[in-house]
Amino acid sequence: MGLALLLPLAAGAAAAPWVQGWLGHDPFTPDLFNRHAPPSAGHPLGTDELGRDILLRVLFGARVSLLVGLSVAVAATALGAAVGLFAAWRGGWPDAVLMRIADGMLALPALPLLVVLAAVDTGRFGLPRGEAASDIARLVVILTLFGWVGVARLARAAALAELARDYVTAARVSGAREARVLLRHVAPNVSGPVLVAAALSVAGAILAESALSFLGLGIQPPAPSWGNMLANAQDLVFSAPLAAVWPGLAILLAVAGCTLLADGLRSRREL
Amino acid sequence: MLRLVAGRLLQMAATLLAVSALVWLVMGLMPGDPADLAMMADPALTAADIERLRAAHGLDRPLHERYAAWLAAVLRGEFGFSRLYAVRAETVLWPALRSTLVLLGASLALAAGLGTALGVLAAARPRWAPPVDALAILAQSVPGFWLGILLVILFAVTLGWLPAGGSPEAPGAVEALRFLALPVATLAIVNLAAYARHTMAATQAVLREPYIQTARMKGLPERAVVWRHAFPNAAVPVLTVAALDAGALVSGALIVEIIFARPGMGKLIYDAVMGNDYNLALLALLLASAVTMGATLFADLGQRLIDPRLRG
């Protein structure tokens with residue numbers, strides 16, 4: 001069910017250059033004689049305030065949004081699973097410190113903090129600024145900083161349960177080193193809840209990315225992202241209300257797809 | 001109970017301290033210090049003037065010294081000035097906080113009330129479960145800013161019933177409500193899903209308990225079984241969600257305030273960050289964090305009041 005929503009979006013994102021060739025427009029070049037054109041054969045969803053094709057921009061935006069969502073999920077899951085496993089295995093004060101940090105971060109309102117972090121001028125560290133690639137990298141880093149927490153807590157809870165099982169003792173008795181016990185025996189058994197958390201973190205990252213881009217702190221125009229397309233559309237609700245529909249619908253489908261995927265994974269595990 | 005509160009207050013203080021230090025560092029890395037901004041505003045200033053300004057305001061000292069000085073001043077109750085509004089920071093902060101609390105309170109009441117009702121309905125009448133579940137997933141996935149725009153298109157642009165945003169122009173409760181309706185609706189819909197799903201799951205579990213069968217067998221009407229016997233026991237998760245979602249609610253309020261141009265903490269933080277108003281941005285961020293953590297604490301305490309099993 002979740003895949004049924006996600007696959008068409010992913011396919012659309014992958015096929016964006018072919019769709020572009022087929023329609024014969026450039027989604028980055030303004031066409032001022034053709035602003036706010038209604039849907040037609042040449043522009044299936046019409047054009048935006050600069051005469052650019054909305055369908056193509058949604059598809060190219062999908063590449064950015066899905067890339068950010070997946071990268072954040074991979075990074076946050078890796079970091080969170082490592083922290084969770086370590087905390088559960090080590091116990092004692094490192095566990096307590098890590099979990100208090102996680103509690104503290106969960107209790108904070110994430111978006112205002114993300115706004116502050118996203119406003120940092122990366123140019124001061126000698127990094128390139130203002131390019132789409134560096135925008136994406138910056139967003140992935142910032143969102144990962146907040147994304148690992150949920151995964152870490154789930155991974156820790158699952159690992160604690162697994163570490164108490166007999167097979168762990170058996171592996172230790174048979175002389176396996178601790179690293180091998182953790183990676184070969186415990187990790188595969190906590191992968192289920194971690195995968196569910198990963199699917200949910202894709203949804204969270206897509207929402208957060210679009211919110212930041214909407215606020216003008218994420219992906220910068222002219223590079224299209226679902227969030228910054230909506231920011232433009234909001235200014236035009238009185239003249240072109242339809243332009244606001246498509247990017248938001250794309251976000252809705254992507255996030256709902258990930259949520260349903262997580263639900264499906266969870267119930268399959270329980271069966 | 002007292003130990004719990006004391007421990008949590010200590011943790012809140014530690015978190016606020018960590019956030020303030022982190023944000024101080026981050027803001028130190030943001031473009032333009034106040035002296036740069038003064039230079040941009042007044043071309044007549046010379047390099048020597050800028051140096052004198054920096055020295056006068058202590059901007060030439062290292063970051064950690066400035067942080068210590070700021071922290072000492074805040075603990076004394078001196079919040080400093082806002083650059084953007086050119087007044088004492090607290091004169092901007094308090095009205096914004098009040099406006100945000102009104103928005104948060106109304107949305108929370110609507111989301112929790114409606115979400116709980118939907119959850120109980122879906123649990124009590126299995127026929128209703130799939131549509132409520134679908135609705136919850138939809139509400140959970142919809143980005144708040146898009147929903148806000150859609151509501152504006154429908155109610156402000158097409159129908160013209162409600163204002164698209166801003167603050168009331170005339171005094172009076174009706175006028176205030178007109179401006180509150182769309183923001184509250186947006187925030188409530190986005191936050192309703194968690195309440196509906198958790199209440200549904202909890203009520204379904206409780207309805208399978210033996211004491212519910214007892215209540216049914218002694219001839220109680222189904223309405224009494226659901227509301228008098230099942231619901232109070234399923235109500236704990238509502239407070240769990242309230243505690244867990246406090247951060248999401250405040251984050252949602254920020255973006256809703258920006259869409260509807262509602263003066264409040266969210267818009268204040270955004271404007272302050274965008275306008276290089278370091279002092280105000282930091283204070284507003286800490287205040288928003290404190291509100292969130294306070295809400296979480298209250299929800300946790302409420303949970304313990306309702307459920308004796310948690311008191312331990």
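Chains A and B: classifications and their grounds

Modeller: This is a predicted model. From the N terminus on, the elements of chain B run α-α-α-α-α-α-α-α-α-α-α-α-α-α.

Biologist: How many helices and how many strands does chain B have?

Modeller: Chain B has 14 helices and 0 strands.

Biologist: Why does P188(A) count as exposed?

Modeller: P188(A) has 10 C-beta neighbours inside 10 Å. A residue is exposed if 12 or fewer other C-beta atoms lie within 10 Å of its own, so P188(A) counts as exposed.

Biologist: In which helix is P188(A) found, and how far is P188(A) from L85(A) in sequence and in space?

Modeller: P188(A) is in helix α8 of chain A. Between P188(A) and L85(A) there are 103 residues in sequence and 11 Å in space, C-alpha to C-alpha.

Biologist: What share of chain B counts as buried?

Modeller: The share is 38% of the 312 residues of chain B. The cut-off for buried is 20 or more other C-beta atoms within 10 Å.

Biologist: Among contacts in chain B between residues at least 6 apart in sequence, what share joins residues at least 24 apart?

Modeller: For chain B that share is 72%.

Notes
Residues are numbered from 1 along each chain as its sequence is written. Chains are lettered from A and ligands numbered from 1 in the order in which they are written. This is a predicted model: local features need pLDDT of at least 70, side-chain atom pairs count only at pLDDT 80 or more; totals for chains, interfaces and linings use all residues. Helices (H or I, at least four residues) and strands (E, at least two) are DSSP runs, numbered from the N terminus. Two residues are in contact if their C-beta atoms, placed from the backbone, lie within 7 Å.
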